[in-house]
Amino acid sequence: MAGQGNAAPVIIKRKKIIQGGGHHGGAWKVAYADFVTAMMAFFMLMWLLNATTEKQRKGIADYFNPTIPVNRISGGGDGSFGGDSVLSEKTLAQNGTGASANVPTQDHQANGAVGADGQGSEAQAEEAALAMLEKSLVARSGESMTMESMMRHVVTKVTDEGLVIELFDLEDLPLFEGETATPLPMTRQIATVLTEVMGLAENAVAVNGHVKSYPLTLIDDPTWSLSAARAQAMRGLLQEAGLPAARIQRIGGFADRKPVAANPMAVRNNRIEVILLRRNR
């Protein structure tokens with residue numbers, strides 16, 4: 001035992017190892033940042049859809065489409081919108097309907113642009129008027145159960161052409177008798193409601209007829225004559241309800257050339273479009 005007195009002392013070191021998973025590390029921060037970025041992109045998309053015209057949205061789509069050159073005329077500038085936003089009137093290219101501060105005429109001015117003669121204010125006022133008429137028509141569905149049933153046949157949308165009021169067949173409730181242009185009583189009532197709403201404005205009116213496709217085995221294709229006859233019938237109903245004949249600018253029969261349903265023979269393709277046209281249409 002005495003011989004080991006000069007032996008070096010034994011030192012024991014204890015290390016405390018801290019695991020990094022106690023508070024899940026920082027992975028949640030990355031996931032949260034991705035979520036916030038996605039929400040920001042979503043709200044920007046919603047804002048762009050609401051704040052731009054159809055032509056401007058086409059320019060945005062063309063720019064982000066890799067199969068279309070960046071310098072396409074509808075893109076709105078020499079590069080990425082010329083270094084400016086899509087809402088800038090000076091960067092939109094002129095192709096007959098684009099905007100230009102140098103040529104602020106009605107044919108060359110985009111919707112919402114303010115030209116030297118205040119046409120932009122008129123366009124904004126017209127847009128607001130069409131939106132008001134659309135709300136007024138939609139609000140009719142809450143007046144009664146009968147009105148709500150009739151308004152099941154009606155959808156509306158505001159386009160570059162104007163306020164489009166679409167009347168369409170349901171599976172169990174058509175607008176016309178069979179394969180004819182004879183309107184049913186409910187169609188007459190809908191025409192009366194439309195006339196009352198359109199009486200709040202002075203815009204010209206267009207009426208378009210569309211029908212579903214028929215089997216190819218038919219010898220005579222009735223789609224052209226039937227769509228035109230139904231458009232004529234709707235024009236007559238509107239005038240009987242009090243719409244001045246001078247406001248009817250045009251009627252048209254489009255046969256089955258513009259289906260809205262995937263199945264061209266679907267009943268949903270039987271429809272009438274009553275359009276409150278913009279002043280430049």
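## Strand 3 and its neighbours

Strand 3 and strand 4 run parallel and are joined by five bridges. One of the pairings links A206 to R250, its bridge partner in strand 4. This description rests on a predicted model.

Strand 3 is also paired with strand 5, in this case antiparallel, through six bridges. Here V207 stands opposite V274 of strand 5.

## Burial of strand 3

Which residues cover the two faces of strand 3? V205, V207 and G209 lie on one side, A206, N208 and H210 lie on the other, and all are buried. In a regular strand, side chains alternate between the two faces of the sheet. Because six of the six residues of strand 3 are buried, the strand is largely enclosed by the rest of the structure.

## The nonpolar core

The largest nonpolar core contains 32 residues. Within this core, L167, L194, M234, L238 and V274 have the most contacts. At least two core residues come from each of helix 3 (119–139), helix 4 (145–150), strand 2 (162–168), helix 5 (185–198), strand 3 (205–210), helix 6 (223–240) and strand 5 (271–277). Helix 5 gives the most, with seven residues.

L194 touches L137, I165, L167, L238 and V274, leaving aside residues up to four places away in sequence.

A255 is found in the loop between strand 4 (248–253) and strand 5. What is the phi of A255? The angle is near 50°, a positive value in a residue other than glycine. Most residues other than glycine have a negative phi. A255 has 0% relative accessibility, so this residue counts as buried.

## The chain overall

The protein chain has six helices and five strands. From the N terminus on, the order of elements is α-α-α-α-β-β-α-β-α-β-β.

Of the 281 residues of the chain, 35% count as buried. Among contacts between residues at least 6 apart in sequence, 61% join residues at least 24 apart. The chain exposes about 17,500 Å², and carbon and sulfur atoms supply 59% of this area.

Note on methods: Residues numbered from 1 in each chain as written. Predicted model: local features only at pLDDT ≥ 70, side-chain atom pairs only at ≥ 80, totals over all residues. Heavy atoms only, no water. Core = buried A, V, L, I, M, F, W, Y, C linked by side-chain atoms within 4.5 Å. Buried < 20%, exposed > 50% of the residue type's maximum accessible area, 1.4 Å probe, protein only. Helix = DSSP H or I, 4+ residues; strand = E, 2+ residues; numbered from the N terminus. Contact = heavy atoms within 4.5 Å. Pairing = 2+ DSSP bridges. Areas by Shrake-Rupley, 256 points an atom, 1.4 Å probe, with all protein chains shown as cover.
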